[in-house]
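Please read these points with the structure open beside you.

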Amino acid sequence: MSDQVNLGKVAVLMGGASAERDISILSGTGVLQALQSRGVDAHAFDPAQRELGELKREGFDRCFIALHGRFGEDGTVQGALELLGIPYTGSGVMASSLAIDKVMTKRIWRSERLPTPAWQEVGSAEATRTALAALGAPMIVKPAREGSSIGLTKVLTPDQCEAAYARAAQEDAHVLCEQFVAGDEVTVPVLGSGAQATALPVIRIVAPDGNYDYQHKYFTNDTQYLVPCGLPPGEEAHIQHLVLQAYHVLGCRGWARADVMIDSRTRQPYLLEINTAPGMTGHSLVPMSARAAGISYEELCVRLLQAAALDHERVRA
């Protein structure tokens with residue numbers, strides 16, 4: 001097949017040193033097999049086990065970033081690849097570093113008048129209790145710079161605040177308390193850059209007891225993923241437009257996936273966060289939405305790789 005034309009020698013970056021290492025390996029293995037099935041000269045590369053300079057010395061022409069969380073989705077690897085001059089998938093340094101930080105992301109969205117739940121950043125269990133009094137129960141307590149629901153707790157009463165704060169602070173020094181929005185949970189992938197960026201079909205997530213945690217995301221079949229999502233057409237289109245705005249104001253490119261809650265009473269959608277290196281496992285949502293849009297897993301991987309770029313090349317263009 002002709003997919004491999006001009007793609008050269010490709011490193012699929014997977015594993016890494018974040019709390020999401022195991023999921024990254026699952027994502028990267030799937031991407032690697034998909035690219036190889038299309039004739040791409042693709043190789044696994046684990047930055048936790050190999051020095052990044054080897055990418056240059058071994059003649060890699062581009063990288064598919066299948067790393068999740070810190071040290072892979074936060075601008076650090078992107079910055080290294082910029083210095084090495086090796087194009088990579090997904091967002092550049094600035095957008096990656098902003099999007100990994102939920103507090104900075106919310107500040108930018110709020111400044112652009114995009115809806116996101118009320119929040120407070122806290123530095124102690126006592127401040128967490130103060131946040132609960134201000135935001136109301138239930139309240140979500142989570143690390144500001146982690147993904148996959150790692151370190152997340154839904155707090156109902158003040159006596160739960162100490163354990164919730166400790167759990168989140170174990171993962172990150174920056175802890176976010178966020179107002180809980182009761183209603184439909186949806187996610188929306190975006191493909192492309194600039195004016196060509198397109199929102200894929202909305203996926204509605206129905207988890208057991210509304211608990212879409214790490215286990216239900218990756219290791220059980222109890223969660224339902226509805227695509228078509230079953231929302232009224234006008235509501236789905238509105239959410240897709242909102243997500244595209246959220247994507248653009250952060251400066252994202254290549255691809256991403258935004259998580260949204262829809263208030264059950266008002267039907268107002270609220271942006272939660274955006275992932276600039278989404279999962280590509282058997283349970284992952286971007287491939288699911290892409291498939292609903294007629295894009296196979298293998299085609300999706302090739303498309304993303306073809307769009308690999310460097311920030312400084314885009315500036316010169």
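1. Start with a term: helices (H or I, at least four residues) and strands (E, at least two) are DSSP runs, numbered from the N terminus. Keep in mind that this is a predicted model. Is arginine 267 buried, exposed or partly exposed? Buried means under 20% relative accessible area, and exposed means over 50%. Arginine 267 has 29% relative accessibility, so it counts as partly exposed.

2. A second residue belongs beside it. Phenylalanine 71 is not a glycine either, and its phi is positive, near 70°. Look for phenylalanine 71 in the loop between β3 and α3 (76–84). Why point these out? Because most residues other than glycine have a negative phi.

3. Next, the peptide bonds. Most peptide bonds are trans. The bond from alanine 137 to proline 138 is cis, with omega near -5°. Proline 138 sits in the loop between α6 (125–135) and β5 (139–143). Valine 227 and proline 228 are also joined by a cis peptide bond, and here omega is about 5°. Proline 228 is in the loop between β11 (224–226) and α9.

4. Now find the open sheet of 3 strands. What is the strand order? It runs β2-β1-β3, and the pairing is parallel. β2 (41–45) and β3 (62–65) are the edge strands, each pairing on one side only. On average, neighbouring strands of this sheet are turned by 30° against each other, direction ignored.

5. Zoom in on one pair of strands. β1 (residues 9–13) and β3 pair in the parallel sense over 4 bridges. Which residue in β3 is the bridge partner of valine 12? It is phenylalanine 64.

6. Helix α11 (residues 297–306) lies across β1 and β3. It runs at about 130° to β3.

7. α11 also meets another helix. Two packed helices are described by the angle between their axes and the distance between the axes. The axes of α1 (residues 21–37) and α11 come within 9 Å and cross at roughly 90°. Angles of 65 to 115 degrees count as roughly perpendicular. The two helices, α1 and α11, are therefore roughly perpendicular to each other.

8. Which residues make that contact? From α1 come Ser27, Gly30, Val31, Ala34, Leu35 and Ser37. From α11 come Tyr297, Glu298, Cys301, Val302 and Leu305. By type, the residues of this contact divide into 7 nonpolar, 3 polar and 1 charged.

9. Turn to the largest nonpolar core, which has 28 residues. Ile239, Val243, Leu250, Leu271 and Ile274 touch the most other members. Two or more residues each come from α4 (93–100), α5 (102–111), β8 (183–191), α9 (233–249), β12 (255–263) and β13 (269–275). Which element gives the largest share? It is α9, with 6 residues.

10. Take valine 243 as an example. Leaving aside neighbours within four places in sequence, valine 243 is in contact with Val188, Val190, Ala258, Val260 and Leu271.

Methods:
Residues are numbered from 1 along each chain as its sequence is written. This is a predicted model: local features need pLDDT of at least 70, side-chain atom pairs count only at pLDDT 80 or more; totals for chains, interfaces and linings use all residues. Side-chain values use heavy atoms; hydrogens and water are left out. Two strands pair if DSSP finds at least two bridges between them. Axes are lines fitted to C-alpha atoms, for helices over the stretch in contact, and angles run from 0 to 180 degrees between N-to-C directions. Contact means heavy atoms within 4.5 Å. Angles under 35 degrees count as roughly parallel, over 145 as roughly antiparallel, 65 to 115 as roughly perpendicular and the rest as oblique. Ala, Val, Leu, Ile, Met, Phe, Trp, Tyr, Cys and Pro count as nonpolar, Asp, Glu, Lys and Arg as charged, and the others, Gly among them, as polar. A nonpolar core is a set of buried Ala, Val, Leu, Ile, Met, Phe, Trp, Tyr and Cys residues joined through side-chain atoms within 4.5 Å. Buried means under 20% relative accessible area, exposed over 50%, partly exposed in between (1.4 Å probe, protein chains only).
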